[in-house]
Amino acid sequence: MKAKRRFGQNFLRDQGIARAIVRCINPSPGQTLVEIGPGQGALTGLLLEQAGRLAAIEIDEDLLPVLRQRLEPKGLQLIAQDVLTVNFNSLAHELQASTLRVVGNLPYNISSPVLFHLLAYSHAIEDQTFMLQEEVVDRMVAAPGSKTYGRLSVMLQAKYVMEKCLHVPPESFWPVPKVQSAVVRMQPLPVENPLVKDWQVFGGLVTQAFSSRRKMIRNTLAVYLDRLDLQALGVDARQRPEELSVTQYAGLANQLTDSNVTPLSPC
Ligand code: SAM
């Protein structure tokens, strides 16, 4: 079967790497696993062996018959749908689960949209373990002050504790991609004390702050400055966007929320 570029298909071929990813996930019976993009089942079969059952969301209808034949008898429930249209609250309800463990070797062409889609469901998710482009994983886990720290780092670190688990070389896939890959584990922060009061305001402010990395905060956030108390958060107006911590961004956004300012751009 041909790999379809439009669905970001790079199938995992290396059994050793597949087993290492499953070790990172460490599934047990009784947990409710949801795989995004099972493809030809490289991870699915191994996950089923350990978890006993699993739901998998796959957009490519040509892959479904083989998956059905091979893995439905072993406990696979296939959902033929675009993951970006899946409501994970309803899915948890349908699967009679309080929380879901979401996993997958994500199609690289839609990895950021998938991550942003899942942000809204973090209360229904126990953890997420994904294979992504290594460059994206490095941006996700980057610390303030580093070159890779940016909007993606701030938005995701406000919601998850994240850990890079594994490096995966290009030869582990067919077709061989031009990029390196890595596995990241993401655990939502407790929902009781959210860092951010209004997610849309936070997204707008962070997007605005990083609209120009070379400019100082007093310039990128100029439109908000009269409503912000930078000093209260230990922020110097001459700092560059990559020098502020996630907590400082959350604090600034919360100040805007308390002053009822509409964000410039939605997240
Ligand atoms: N898990 C398999 C593996 O490791 O070999 C396949 C990984 S491949 C990188 C990505 C998979 O996601 C493909 O099976 C592709 O068809 C599927 N996919 C792409 N876009 C999707 C979408 N919007 N919703 C659900 N699945 C999607």
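The exercises below treat salt bridges, then pockets.

This is a predicted model, in which local features need pLDDT of at least 70, side-chain atom pairs count only at pLDDT 80 or more, and totals for chains, interfaces and linings use all residues. Residues are numbered from 1 along each chain as its sequence is written, and side-chain values use heavy atoms, with hydrogens and water left out.

**Exercise 1.** State how many salt bridges the structure holds, and describe the one between Asp60 and Lys4.

Solution. 
1. A salt bridge is a side-chain nitrogen of Lys or Arg within 4 Å of a carboxyl oxygen of Asp or Glu. The structure holds 11 of them.
2. In the pair Asp60 and Lys4, the closest N and O atoms are 2.8 Å apart.
3. This pair links distant parts of the chain, 56 residues apart: Asp60 is in the loop between strand E3 (54-58) and helix H3 (64-71), and Lys4 is in the segment before strand E1 (11-12). Helices (H or I, at least four residues) and strands (E, at least two) are DSSP runs, numbered from the N terminus.
4. Asp60 is buried at 3% relative accessible area, and Lys4 is buried at 16%. Buried means under 20% relative accessible area, exposed over 50%, partly exposed in between (1.4 Å probe, protein chains only).

**Exercise 2.** Describe the largest pocket by its volume and its lining.

Solution. 
1. On a 1 Å grid over the protein atoms alone, a pocket is an open set of points where a 1.4 Å probe fits, with protein on both sides within 12 Å along at least five of seven lines; lining residues have an atom within 4 Å of a point.
2. The largest pocket holds about 430 Å³ of space. Of its 30 lining residues, the closest to the centre are Phe7, Gly37, Glu58, Asn105 and Pro107.
3. The lining divides into 16 nonpolar, 10 polar and four charged residues.

Note on methods
Grid points are joined across faces, edges and corners, and a volume is the space filled by probe spheres set on the points. Ala, Val, Leu, Ile, Met, Phe, Trp, Tyr, Cys and Pro count as nonpolar, Asp, Glu, Lys and Arg as charged, and the others, Gly among them, as polar.
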